[in-house]
Amino acid sequence: MLKFLFTVCFVTVGRRAWDITQKGYEKKRAKLLAPYIPQTHGVDPALQKESRNQTPAPAATSAPSSSKYHRARSGGARDERYRSDIHTEAVQAALAKHKEQKMALPMPTKRRSTFVQSPADACTPPDTSSASEDEGSLRRQAALSAALHQSLQNAESWINRSIQGSSTSSSASSTLSHGEGKGTSGTLADVFANTRIENFSIPPDVTATTSSSSSSARPATIDIPPSGIVKGTHKGSSRSSLMDTADGVPVSSRVSTKIQQLLNTLKRPKRPPLKEFFVDDFEEIVEVPQPDPNQPKPEGRQMTPVKGEPLGVVCNWPPALEAALQRWGTTQAKCPCLTALDVTGKPVYTLTYGKLWSRSLKLAYTLLNKLGTKNEPVLKPGDRVALVFPNNDPVMFMVAFYGCLLAEVIPVPIEVPLTRKDAGGQQIGFLLGSCGITLALTTEVCLKGLPKTQNGEIVQFKGWPRLKWVVTDSKYLSKSPKDWQPNISTAGTEPAYIEYKTSKEGSVMGVTVSRIAMLSHCQALSQACNYSEGETIVNVLDFKKDAGLWHGMLTNVMNKLHTLSVPYSVMKTCPLSWVQRVHTHKAKVALVKCRDLHWAMMAHRDQRDVSLSSLRMLIVTDGANPWSVSSCDAFLSLFQSHGLKPEAICPCATSPEAMTVAIRRPGMPGAPLPGRAILSMSGLSYGVIRVNTEDKNSALTVQDVGHVMPGGMMCIVKPDGSPQLCKTDEIGEICVSSRTGGMLYYGLTGVTKNTFEVIPVNSAGSPVGDVPFVRSGLLGFVGPGSLVFVVGKIDGLLTVSGRRHNADDIVATGLAVESIKTVYRGRIAVFSVSVFYDERIVVVAEQRPDASEEDSFQWMSRVLQAIDSIHQVGVYCLALVPANSLPKTPLGGIHISQTKQHFLEGSLHPCNILMCPHTCVTNLPKPRQKQPGVGPASVMVGNLVAGKRIAQAAGRDLGQIEDNDLVRKHQFLTEVLQWRAQATPDHVLFLLLNAKGTPVCTATCLQLHKRAERIASVLYDKGHLNAGDNVVLLYPPDEILEVQVFCLWTSKIPLILSSFI
């Protein structure tokens, strides 16, 4: 893998404009060495001189023109999710600066290896073949060569051998970078002016920079052997063989120094010698990046927790969410509750509150009474069930969700599995198994669409437990008796539902939300959004989780709202459908993401006669994305002429653990104006807040996400280590204390304590109060006026050399480079991998099918330049993969953790790749040194090699057997079984399952004892067996146990064979 990695890197670097072609190299070598080549016999020397003078000067490799490599991209649409005109201008300015400096990534420092010193270095004149040198430097070198012609007449044979060797290898030559022609001439004169060889025994320092070691790497004096044989080598050895055997490491002049150092380090054997086996000094030999002494540090005072407005008490608020459903279902049965749209964006079905109540009641009765027998029901209150519903069927999902609440079972909404190898499917199965789920609710249409085996059964999905599928369509439900009523009590701390969450590493955890938290969250949203009965809201989000569930399924029932659900499939075919629904139904609230704003702007030309004047809140639920401000501004500038009010745009920040963290209140007279912060990206990487101006290249403009939720309290703690409170000008993780958050990760006690039971501490380590907080996973700060600002997420955090970078920022910088003809803008993944005890950034994007290799390489090079200039961080790998080859999430996004797993496994199969380890791996290992003496560790290893036992393990002492008749009587298995048959006769010892996993046979203590006695009596009478005889047992699994017990009773030796037919 490493060989492939660096080979790709070499090939990539080799395509740069400063690399010389083979033809150009031959021409320059011939011209520079022409004065030293012996004259051909029979040819006039004047003609030879004239021929040499008429030889054309070798031209540099024809580099593609600037207009070809840096032509502007035109056409196509820009992805507004990461759009920022200011950031785009900054990226273009950074690229222009690189162009002026003639810098391109990866930037080689010196194309020769300083790690290996070979005798050939001391006796081979430096090769001046470089495409970056101008004609003046060539003339100066030619004049120098002519001046030295007289002093080198005795070395003609050595020169001839050098010419023969250089035709196959240029290992000892140095391909100089820009501006080194003068230094080369001086060094060449020094080399040829001396007559002695110096042998350097001190190994070179591989951590030194090339610029400082280039002059010291060459010996100052040289002695040319008269016989042309270098000391210590065979007579037939060529330059190529000499350099290829230097310390066993091949050296190439076409390789950057840092790459060569890294390669030489990694070419060490994976298993060190025995004398070094006991030394675990990997952390010691790796250079630890030192913090920048000039890095900004927080200077403010320690922050104090910020409280939200008090949660008001409304007299008509229900004691539980189920009570609200019962109220509206019986008193306002004909009021619309939920409207679903078809694939064309037109309403197809409207669910009223009466229908929702009656159908939920039927489902609750069926779950509790009709799935099993009266004595052995399949479901009991408190059990968990999976809700498997497609994203285009909100009506059936809503009925199933409230049916579970009425039956007091805990619903776990998950995505519909499409194949056995869905991205993240195995982790979903782990969640189902840890929750003990054996039942899944779905619709008839969805059940028919699930993948099936040849026998017509649903396939066993990878990692999933065996599930029983129950169809929730009305025709399959039993009507409840008139005297049956669900148990609706006041909301308490018992679990209401479980929402799954995917972590940064790809593991799936279930956030458990209690009934009191669900009710309190609906009350807080009702107060913050100022919901009133009968309002219409448009929901474009996923209705199974996050804000789509909280607003569109829960809060709407509490306030008797009418929700219009626009599924993701409709948005792909009709992006303006949600705007049309707002215009048609005069909706007051719309729940969208930046993606939906962008799609609506792109489809705006199709329909212009729409009005958004009825909107009082346009809730942007991914306001935690710092780049959402650009989408909001662009949407407002376009639709303000259609009645959209600026104060209606309300970004919010959410997380599965803390639920709604903050939301901007709808604009009202006297309300504070929205806040904006123009921050320095360099300061953010060090975790501090530094205000920047928009004309700077590295500036990030973020908008506030409003104030803390009613009844909540917020603080900012350090994301690493103990939860210490941050200073007022410091970036940290947002923590919330409220009744509206999650209560735990189901089945994960350790992780729960670190997330849901956080007690902040001050700088001295003392707890600040005794109120527990919940980590939200969001990075941000509290600004003036108690406005909350979010700059990123913990899951998207990339910590490289002590600096923190946001994956969304890297994506925005990559998209700012015109890429419409190269990659798909919505299909870029950024993550980090661990290399040499530090994180390295990897960028993976899907390449368009019509993009050429030249265009792809140009875009990758410009992206590396832009990221290096804007974020001051190097990219370890930038890979382009074929279209539709990255793993997807259920809603079409990229599954980041699965993509990272493919990268680590080597199964990405990129079509273009640019790896730059020499630009980001700066902590190269130091040379391994011999240990000063024999220490305790070496003595231990020596004892191991000698075969001496230096440790032993022993189990717990069972203790002495008491002189008790009862204890002595039960020393054997047969005696224990006889005693158990009397003491615990009904205790089940064994359970036999069939192929379908259904129990078919059990064996209690009494049953096993009686069956063994029966077999023993029969065999004693007819078998005539003696103690110690061998007995072959050929029985089915349900009868083999008692026969084994019989053998133990009668001291027979059983030989068990598998039964066959």
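**Close-up views of a predicted model**

Of the 1061 residues in the protein chain, 49% count as buried, where buried means under 20% relative accessible area, exposed over 50% and partly exposed in between (1.4 Å probe, protein chains only). This is a predicted model, in which local features need pLDDT of at least 70, side-chain atom pairs count only at pLDDT 80 or more, and totals for chains, interfaces and linings use all residues. Residues are numbered from 1 along each chain as its sequence is written, and side-chain values use heavy atoms, with hydrogens and water left out.

**View 1. The whole chain and its confidence.** The mean pLDDT is 75, and 68% of the residues reach 70 or more; pLDDT is the predictor's confidence in each residue, from 0 to 100. Over residues 1–19 the pLDDT is below 50, and this stretch has 45 contacts in the model beyond near neighbours in sequence. Residues 275–280 also have pLDDT below 50, with 8 contacts counted beyond near neighbours in sequence. A contact means heavy atoms within 4.5 Å. Among contacts in the protein chain with a separation of 6 or more, 76% are between residues 24 or more positions apart.

**View 2. Helix H17, buried from end to end.** Helix H17 covers residues 394–407, and its 14 residues reach 20 Å from first C-alpha to last, close to the 20 Å expected at 1.5 Å a residue. The expected span is 1.5 Å times one less than the number of residues. Since 14 of the 14 residues of H17 are buried, the helix is largely enclosed by the rest of the structure. Just after H17 comes Glu408, with a positive phi of about 60°.

**View 3. The largest nonpolar core.** This core has 74 residues, and Tyr402, Tyr497 and Leu554 have the most contacts inside it. H17 gives the most to this core, with 12 residues. A nonpolar core is a set of buried Ala, Val, Leu, Ile, Met, Phe, Trp, Tyr and Cys residues joined through side-chain atoms within 4.5 Å. Leaving aside neighbours within four places in sequence, Leu554 is in contact with Leu321, Phe401, Tyr402, Tyr497, Met518, Cys522 and Leu549. A second, separate core of 47 residues includes Leu787, Val817, Val843 and Val875.

**View 4. Rings and lysines.** Phe389, Phe397, Phe401, Tyr402, Tyr497 and Phe543 are linked into a cluster by ring pairs. Rings of Phe, Tyr and Trp (its six-membered ring) pair if their centres lie within 6.5 Å; planes under 30 degrees apart count as stacked, over 60 as edge-to-face and the rest as tilted. Lys544 lies over the face of Phe543, at 5.1 Å from the ring centre, while Lys545 lies over the face of Tyr500, at 4.2 Å. Such a charge sits over a ring if NZ of Lys or CZ of Arg is within 6 Å of the ring centre and within 35 degrees of the ring normal.

View 5. The structure holds 13 aromatic pairs. One of them is Phe461 with Trp464, a tilted pair at 5.0 Å centre to centre and 50° between the planes. Phe461 is buried, with a relative accessible area of 5%, and Trp464 is buried at 9%. Asp422 is 39 residues from Phe461 in sequence and 9.0 Å away in space, C-alpha to C-alpha. Asp422 is found in the loop between strand E5 (410–414) and helix H18 (425–434), and counts as partly exposed at 27% relative accessibility.

Methods. Helices (H or I, at least four residues) and strands (E, at least two) are DSSP runs, numbered from the N terminus.
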